[in-house]
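Here is a short note, written for a colleague who is opening this model for the first time. The points are numbered so that each can be checked against the structure in turn.

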Amino acid sequence: MLDTPSAALANAQAIVIEKIRSSISEARRDFDSSVAERKIQTVLSDVILLARCAKTSCLITYSDAIALRGHGNPQNGQWLDEVYAFAIAPLGFPDLTMLVVNKSTKQPSPEAFEARRSILSKVYIGDVPTEQKRCIWYPDYERVLGPLEQVPVKYQLVRLATPQSSREREISRAVTNAIGRVSQFGIEKTSIGKEYPNSLSRAELMALVDALWERQKGRCALTGQAFELRSEEEGGVQDDRVSLDRIDNLQGYADMNVQLVTQFANRARGTLPVDEARRRLVQFG
């Protein structure tokens, strides 16, 4: 029997709560059950708030974020650290904390950002504008969290209405495919280090793949084929679309262990060493 949309959403939301619970219990073993449950609800509310900002395509200030939360201190960004560590990263969302910014700079507080980055992330302050756009472009918040209300206009610092380019769409799709799925309900996971050691978060992978695209000049590392930028609906050749290939298949999606290849080349390589795969593919071509 197939799940109805409401049943699928309920199952997805249950998985969200379980992933938050697991992240909190692993990090905060000092919490008793009642404290842990309260923290789960707080983190869930916070990730929903940030996803609302993304769906509204807006940035908000620290003060307005606290007003929308209904509690907290604008000078204390611990809640952003916690929602990133306990929800955003485990769920595979872009770094939604990038949407909470200083009013004058429209960027996160540098001190708070660097403190969080040193512990949780390798995305640098220069990546913030791009990551803010990626938060807005990400399509699956409501499929996982349920319907999201717009942020009231009075709390919107600025709207980000930048269309997603075909290249950015392809990079996002390839990273999503590489990260994989937690379950049949499609909740993506970023914390894949348990399966693949040293894997990067989604935000970090997006930045890495963007740099690799430039370095490889938009071509497959194994065959030299230019990457297809059109979807199947647009008439694109699906075998020529970009995918992430781990150079050492025993390691994760980490810096120095990722190359960009076509979907065809990725399948054809299988478990072959890179040099052998390149030799065979070029010979075949």
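1. Met256 is exposed in this predicted model, its relative accessible area being 70%. The residue belongs to the loop between β4 (242-246) and β5 (258-262), and its phi is near 75 degrees, a positive value in a residue other than glycine. As background for judging such a value, most residues other than glycine have a negative phi.

2. Ser57 also has a positive phi, in this case near 60 degrees, and it too is a residue other than glycine. Its place is in the loop between α2 and β1 (58-61). Is Ser57 buried or exposed? With a relative accessible area of 16%, Ser57 falls under the 20% cut-off and therefore counts as buried.

3. For orientation in the chain as a whole, the protein's secondary structure comes to eleven helices and five strands. Of its 285 residues, 48% count as buried. When contacts between residues at least 6 apart in sequence are considered, 66% of them join residues that are at least 24 apart.

4. Helix α2 (residues 33-56) packs against helix α3 (residues 62-69) at an angle of about 125 degrees, and the two axes lie 11 Å apart. That angle makes α2 oblique to α3, and the crossing of the two helices is right-handed. On the α2 side the contact is made by Thr42, Asp46 and Leu49, and on the α3 side by Ala65, Leu68 and Arg69. Sorted by class, the contact of α2 with α3 has three nonpolar, one polar and two charged residues.

5. From α8, the residues Arg167, Glu168, Ile171, Ser172, Val175, Thr176 and Ile179 take part, and they meet Arg202, Leu205, Met206, Val209, Asp210, Trp213 and Glu214 of α9. By class, seven nonpolar, two polar and five charged residues make up the contact of α8 with α9.

6. Arg169 is also a residue of helix α8, and its relative accessible area of 26% makes it partly exposed. Which residues does Arg169 touch, leaving aside those up to four places away in sequence? They are Gln164, Leu229, Arg230, Ser231 and Glu234. For Ser231, which is 62 residues away from Arg169 along the chain, the separation of the two C-alpha atoms is 9.7 Å.

7. The aromatic residues deserve a separate look, and a search of the whole structure finds four aromatic pairs. In one of these, the ring centres of Phe93 and Tyr141 are 5.1 Å apart and the planes stand at 75 degrees, so the pair is edge-to-face. Phe93 lies in the loop between α4 (78-91) and β2 (100-101), whereas Tyr141 lies in helix α7 (residues 141-145), so the pair ties together parts that are 48 residues apart in sequence. Both Phe93 and Tyr141 are buried.

8. Tyr141 pairs with Tyr138 as well, and here the arrangement is tilted, with 5.0 Å from centre to centre and 55 degrees between the planes. Tyr138 is buried at a relative accessible area of 5%, and Tyr141 counts as buried at 0% relative accessibility. Taken together, Phe93, Tyr138 and Tyr141 form one aromatic cluster.

9. The C-alpha atom of Ser104 is separated by 10.0 Å from that of Leu157, a residue that is 53 residues away along the chain.

How values were computed
Residues numbered from 1 in each chain as written. Predicted model: local features only at pLDDT ≥ 70, side-chain atom pairs only at ≥ 80, totals over all residues. Heavy atoms only, no water. Contact = heavy atoms within 4.5 Å. Helix = DSSP H or I, 4+ residues; strand = E, 2+ residues; numbered from the N terminus. Nonpolar A, V, L, I, M, F, W, Y, C, P; charged D, E, K, R; others polar. Phe/Tyr/Trp six-rings, centres within 6.5 Å; stacked < 30°, edge-to-face > 60°. Buried < 20%, exposed > 50% of the residue type's maximum accessible area, 1.4 Å probe, protein only. Axes fitted to C-alpha atoms, helices over the stretch in contact; angles between N-to-C directions. Parallel < 35°, antiparallel > 145°, perpendicular 65-115°, else oblique. Left-handed = near helix turned anticlockwise from the far one by under 90°.
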